[in-house]
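In these entries I record what I looked up in one structure. I begin with a single residue and then turn to the whole chain.

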Amino acid sequence: MKLNQLLFVIAAIVIGAWLLAMIFKIAAWLINGLVYVAAIVLIIGIISAYVQRHKK
């Protein structure tokens, strides 16, 4: 293996690892946001069920 090829492979591995880390950070950010959205939807559903139960 030539030195140029070795450097290219090392650079590709470093860039690939960086991209993978960025993908994981974005996924974690999305999941964190969706947890808050799910909590809000759940709270609205509980309040709605409470109001419907006390209307009768």
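Entry 1. I looked up Val-14 and found that it counts as exposed, because its relative accessibility is 52%. Here buried means under 20% relative accessible area, exposed means over 50%, and partly exposed lies in between (1.4 Å probe, protein chains only). Val-14 sits in helix α1, which covers residues 3–55. Helices (H or I, at least four residues) and strands (E, at least two) are DSSP runs, numbered from the N terminus.

Entry 2. I noted the source. The model is predicted, and local features need pLDDT of at least 70, side-chain atom pairs count only at pLDDT 80 or more, and totals for chains, interfaces and linings use all residues. Residues are numbered from 1 along each chain as its sequence is written, and side-chain values use heavy atoms, with hydrogens and water left out.

Entry 3. I then asked which residues make the nonpolar surface patch of about 950 Å². Val-14 belongs to it, together with Met-1, Leu-3, Leu-6, Leu-7, Phe-8, Val-9, Ile-10 and Ile-13. Patch residues have over 30% relative accessible area and no salt bridge; like charges are joined within 9 Å, and nonpolar side chains (Val, Leu, Ile, Met, Phe, Trp, Tyr) within 5 Å. A salt bridge is a side-chain nitrogen of Lys or Arg within 4 Å of a carboxyl oxygen of Asp or Glu.

Entry 4. Along the principal axes, the C-alpha atoms fill a box of roughly 80 × 10 × 5 Å.

Entry 5. I looked up burial and surface. Buried residues make up 0% of the 56 residues. The chain exposes about 5400 Å², of which carbon and sulfur atoms supply 79%. Accessible areas come from the Shrake-Rupley method with a 1.4 Å probe; for residues, only the protein chains shown count as cover.

Entry 6. I checked Leu-3, a residue of helix α1, and found it exposed at 58% relative accessible area. Its C-alpha atom is 70 Å from that of Tyr-50, 47 residues away along the chain.
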